[in-house]
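Hi everyone, thanks for coming along. I would like to walk you through one model today, so please have a look at it first.

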Amino acid sequence: MRKPLIAGNWKMHGSTASASELADTLGSGRHLFEGADMVVFPPAVYIQHVAEQLVKNNIAVGGQTVSEHAKGAYTGEISAGMLKDLGCSYVLVGHSERRALYVETSQSVAEKFKAAQENKLTPILCVGESLLERQQDKTFAVINSQIAAVIDLVGLEAVCNGVVAYEPVWAIGTGQVASPEQAQEVHATIRKQLGEGGSTTRLLYGGSVKSSNAAALFSQPDIDGGLVGGASLEAEEFLKIAQLTL
Ligand code: PGA
């Protein structure tokens, strides 16, 4: 009953030419994973270009982050309305790199989530524990509080209408993927926190997903797809991963 979703986070990689080539190959491979949704997150400067190529192929495009403000004197920021205007339908909020490197707090992440929904963008709320937090047995407490901050601001139903991505920080870009059992355990806990409405919420796993480990992860009952970084930059590999969601 939950349609699989495969998301590609391109981070700060590529050029006009490489973004266009990647989009082209994904578009031509769309028929390979008709039963799933796909969204890619190019660097902001390439969003419009990529959206023009992909939206016609029924592949969505999103922003990697968004301002919590609607407009004003916020140099360098991009509003949810602007992302929408460029052709986005999704936005990542609270990616661990944003939380760690740009000091986004759970409160500001919640405000970004709200700004996204107010502009009819589907937020993908990223949550996850660091290695130290896992070692200290704080995984569930950390994730619970990251999600609770958003629920407090927008309400449970609004969070259920978004997407949640569990991305253990220790698995991002490290090649050290969570085991299917570790990921499923966290996903089940997140779904429980979302209550009844959470039965239709798509929960993605992210962190070193590749075509060699995706099948085992996606076969878990509470994993509805993936948020893929490095491997989403290689079109053929990403297409393979997309097919494994089915
Ligand atoms: P990775 O990144 O697949 O390269 O580990 C995932 C992410 O940061 O979303």
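**A walk from a helix to the ligand**

Let me start with T25, which counts as partly exposed because its relative accessibility is 25%; that class runs between buried, under 20% relative accessible area, and exposed, over 50%, with a 1.4 Å probe and protein chains only. T25 belongs to helix α1, residues 16-28. Helices here are DSSP runs of H or I with at least four residues, strands are runs of E with at least two, and both are numbered from the N terminus. Between T25 and P43 there are 18 residues of sequence and 18 Å of space, C-alpha to C-alpha.

A quick word on the ground rules. This is a predicted model, in which local features need pLDDT of at least 70 and side-chain atom pairs count only at pLDDT 80 or more, while totals for chains, interfaces and linings use all residues. Residues are numbered from 1 along each chain as its sequence is written, and side-chain values use heavy atoms, with hydrogens and water left out.

Now to two loops. T201 is in the one between α9 (180-194) and β7 (202-206), and T201 counts as buried because its relative accessibility is 1%. A polar atom of the T201 side chain is 3.5 Å from the backbone oxygen of G197. That is a polar contact: a pair of N or O atoms within 3.5 Å, where within protein one must be able to donate a hydrogen and the other to accept it, and residues adjacent in sequence count only if both atoms are side-chain atoms.

D224 is in the loop that links α10 (214-218) to β8 (225-228). Is D224 buried or exposed? D224 counts as buried, because its relative accessibility is 9%. T245 is 21 residues away from D224 in sequence, and their C-alpha atoms are 7.4 Å apart.

Finally, the ligand. Around it are 13 residues, of which K11, H95, E167, G173 and S208 come nearest; to be near, a residue needs a heavy atom within 4 Å. By type, the shell holds four nonpolar, seven polar and two charged residues. Ligand oxygen atoms lie 2.7 Å from an N or O atom in the E167 side chain, 2.8 Å from a polar backbone atom of G229 and 2.9 Å from a backbone N or O atom of G230. On its own the ligand has 290 Å² of accessible area, and the protein covers 95% of that, by the Shrake-Rupley method with a 1.4 Å probe.

Definitions and conventions. Ala, Val, Leu, Ile, Met, Phe, Trp, Tyr, Cys and Pro count as nonpolar, Asp, Glu, Lys and Arg as charged, and the others, Gly among them, as polar.
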